[in-house]
Amino acid sequence: MFRLASRLLTPIIDRRDNNVPKDAASTRANILAAAVQILQRGGIEGFTLDAVAWRAGVVKGLILYHYASRGRLLRAAASQIATLRSAGIERALASGPGAGALDACWEELRRQAEDGTARAWLSLCAAGLIDRSARHAQFEEAAREAVIDGMTIALAAGVPLADAKDAYDALWLTLLEVTQKT
């Protein structure tokens, strides 16, 4: 007769070989980080669960286990992008007085354009996935005033008309795209 040792009936987890079940919170955070990166690289148009799964190094089923649907993951990533974007801008504006803060804000906006945060944010705004609650009710009016005031300052400062007109057109087109789905 064969006799099985009791130690063979228990699963062996060797912590040195990374053969340990992953923490659910870190897996969830890894999936969310991958979703944010996919949005930064390709906007909402390039956002698929397959792309997120590949980027996170998990199977698609694990994404659905943690987020239940593409829509929920997309909303969580949109919230994260909006929070990161706002925090970066607020940090830059609080970095110093006067023109120094404006320069820091410009650098933050430039950085966000380079890393894809701006693309992701605009894409999510256009899709209606960025929070447009009562807290943001005055956004469109404030943005319109900012465009007009900025152009007034540019023209009064002697910025060449062609450059000012190009900036004016670009700002209005962007504002229209962002506010179109509100």
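The following legends describe close-up views of a predicted model. Local features need pLDDT of at least 70, side-chain atom pairs count only at pLDDT 80 or more, and totals for chains, interfaces and linings use all residues. Residues are numbered from 1 along each chain as its sequence is written, and side-chain values use heavy atoms, with hydrogens and water left out.

**View 1. Overall fold of the chain.** The chain has eight helices and zero strands, and its pattern along the sequence is α-α-α-α-α-α-α-α. Helices (H or I, at least four residues) and strands (E, at least two) are DSSP runs, numbered from the N terminus. Of the 182 residues, 29% are buried (under 20% relative accessible area with a 1.4 Å probe, protein chains only). Among contacts (heavy atoms within 4.5 Å) with a separation of 6 or more, 60% join residues 24 or more positions apart.

**View 2. Packing of helix α1 on helix α3.** Helix α1 (residues 24-42) and helix α3 (residues 60-67) pack at an angle of about 105 degrees, and their axes lie 10 Å apart. α1 is therefore roughly perpendicular to α3 (65 to 115 degrees). Axes are lines fitted to C-alpha atoms, for helices over the stretch in contact, and angles run from 0 to 180 degrees between N-to-C directions. From α1, the residues A24, T27, R28, I31 and L32 meet L62, I63, H66 and Y67 of α3. The residues of this contact comprise six nonpolar, two polar and one charged. Ala, Val, Leu, Ile, Met, Phe, Trp, Tyr, Cys and Pro count as nonpolar, Asp, Glu, Lys and Arg as charged, and the others, Gly among them, as polar.

**View 3. Surroundings of helix α2.** In helix α2 (residues 49-56), the buried residues are L49, A51, V52, A53 and A56. These buried residues pack against α1, α3 and α4. G57 follows α2 and has a positive phi, near 75 degrees.

**View 4. The largest pocket.** The largest pocket has a volume of about 980 Å³. A pocket is an open set of points on a 1 Å grid over the protein atoms alone, where a 1.4 Å probe fits, with protein on both sides within 12 Å along at least five of seven lines; lining residues have an atom within 4 Å of a point. Grid points are joined across faces, edges and corners, and the volume is the space filled by probe spheres set on the points. Of the 22 lining residues, R85, W106, L109, L171 and T174 are the closest to the pocket centre. Two or more lining residues come from each of α4 (70-93), α5 (98-115), α6 (117-126), α7 (139-156) and α8 (161-179). α5 gives the most, with seven residues. The lining divides into 17 nonpolar, three polar and two charged residues.

Key: Angles under 35 degrees count as roughly parallel, over 145 as roughly antiparallel, 65 to 115 as roughly perpendicular and the rest as oblique. Buried means under 20% relative accessible area, exposed over 50%, partly exposed in between (1.4 Å probe, protein chains only).
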